[in-house]
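The sequence and structure are shown first.

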Amino acid sequence: MANDLKIGQFFDIKTISRMQENANNMDSLLYISQRGFEQMSNYLEKQGRTDVGAQLLLGGWIEGVYLATSVYKTEPNERIMETIGEQKVALDEIMVLMDAFRGKRNFQTIIKGFDNLKKVYDEVEMEYVKEEVEMEVAPGVFQKVVNSKSTVKISPEQIETVTETIEELRANIID
Amino acid sequence: MNFKKYLLYIPLILAFPLLTAFADEVDCEDEDFLDECAEVIDGYKFLKANTISIEDGGEVEYKSVFSKGSTYMLTACNGGSGLMKVTLYDRDKKKVMSNLIQNQYYPSITYPCNATGVYYLKYEFTAGSGCGVGIIGFKK
């Protein structure tokens, strides 16, 4: 798949060996894979292939939300419910990115799916309360900072609609 | 006195400023430089590396989505002699904190996030131009 996307050079022997060496160290694995993604993204940007970079990013986000909703189906709990609701923030940013590709033919299915998802998330509410608190910003260093608290209001019915919409979007991409 | 012996050192003395000038120059896009900078976030999970290149007192801004319940580490790592300042702003562009606190410079600061949202990171140099990398790490 990487070769088909012409980014096979980022999955070279050196990187794979490095990942194998760090197989038991999650922090290192995360660092190597995240750096690999950043390098790929920079490379695609330089090559004028931002559409491929955007598709990789969108695919990763869709998969993340799909996994979260799948977990919620089997083990519903407040924390995962909140995480799914908080995706409203990421989705708003994604929609800005999406606007740059609205005219592209190969983006039409994905854009339609995201527009549907946006409608669902428009009903999800996020509230913010601001306060100034003293915080330890570096070891032994305290500073007064503006800190805010957020709460998300999402109902089980809304989660169900998010689940259905993301499943449909994912299926349309895979098919 | 044998001056010939000292003549041998002259090329070295002349070359010294040149050698130190090269030592100050860092390739901020180099993976080894980045790996070294990433060591600072030990104990935090790597999230992103913002590469910075600034000329003549300019500034660079990046944005990231931070999640409630996570603590973020923001680092400033650069070559050369200047200091790289990082300032964090919330979604309303209100300043949250910076790594230059009462004229004291900290190469890394931490922010326990209680509000999921878009945050802005502004990077600048305390004097002149330079390049560096701002790494964001997080832990739950």
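## The hairpin of chain A

In the hairpin formed by S1(A) and S2(A), two residues lie between the strands, and A:Gly140 adopts a positive phi near 75°. Strands (E, at least two residues) and helices (H or I, at least four) are DSSP runs, numbered from the N terminus. The model is predicted: local features need pLDDT of at least 70, side-chain atom pairs count only at pLDDT 80 or more, and totals for chains, interfaces and linings use all residues. Residues are numbered from 1 along each chain as its sequence is written, while chains are lettered from A and ligands numbered from 1 in the order in which they are written.

S1(A) (residues 125–138) and S2(A) (residues 141–153) run antiparallel and are joined by 13 bridges; two strands pair if DSSP finds at least two bridges between them. Within S2(A), A:Thr151 is the bridge partner of A:Glu127. S1(A) lies largely in the open because the number buried among its 14 residues is one. A residue is buried if 20 or more other C-beta atoms lie within 10 Å of its own, exposed if 12 or fewer, and partly exposed in between, with C-beta atoms placed from the backbone.

Helix H4 (residues 78–99) of chain A packs against helix H5 (residues 108–122) of chain A at an angle of about 145°, and their axes are 11 Å apart. Axes are lines fitted to C-alpha atoms, for helices over the stretch in contact, and angles run from 0 to 180 degrees between N-to-C directions. H4(A) contributes A:Lys88, A:Leu91, A:Ile94, A:Met95 and A:Met98 to the contact, and H5(A) contributes A:Ile111, A:Phe114, A:Leu117, A:Lys118 and A:Tyr121. Residues are in contact if their C-beta atoms, placed from the backbone, lie within 7 Å.

A:Lys6 belongs to the segment before helix H1 (13–21) of chain A. With 12 other C-beta atoms within 10 Å, A:Lys6 is exposed. Between A:Lys6 and A:Val52 the C-alpha to C-alpha distance is 10.0 Å, although 46 residues separate them in sequence.

## Nonpolar cores

A nonpolar core is a set of buried Ala, Val, Leu, Ile, Met, Phe, Trp, Tyr and Cys residues joined through C-beta atoms within 7 Å. The largest has 33 residues, and B:Tyr72, B:Leu74, B:Tyr111 and B:Ile135 have the most contacts inside it. Two or more residues come from each of helix H3 (31–38), S1, strand S3 (71–75), strand S5 (84–89), S9, S10 and strand S11 (130–139) of chain B. S11(B) gives the most to this core, namely five residues.

Beyond its neighbours within four places in sequence, B:Ile135 is in contact with B:Cys37, B:Ala38, B:Val40, B:Ile41, B:Ala49, B:Thr75 and B:Cys77. Another core lies apart from the largest one and has 18 residues, including A:Ile62, A:Ile84, A:Leu91 and A:Leu169.

## The open sheet of chain B

An open sheet of four strands in chain B has the order S2-S10-S5-S6, with antiparallel pairing. Strand S2 (59–66) and S6 of chain B are the edge strands, each pairing on one side only. On average, neighbouring strands of this sheet are turned by 25° against each other, direction ignored. Six bridges link S5(B) and S10(B) in the antiparallel sense, and B:Phe125 of S10(B) is the bridge partner of B:Met84.

## The contact between the chains

The contact draws 20 residues from chain A and 22 residues from chain B. On the chain B side, strand S1 (45–54), strand S6 (95–98), strand S9 (108–112) and strand S10 (117–125) each supply at least two residues.

Definitions and conventions:
Contact = placed C-beta atoms within 7 Å.
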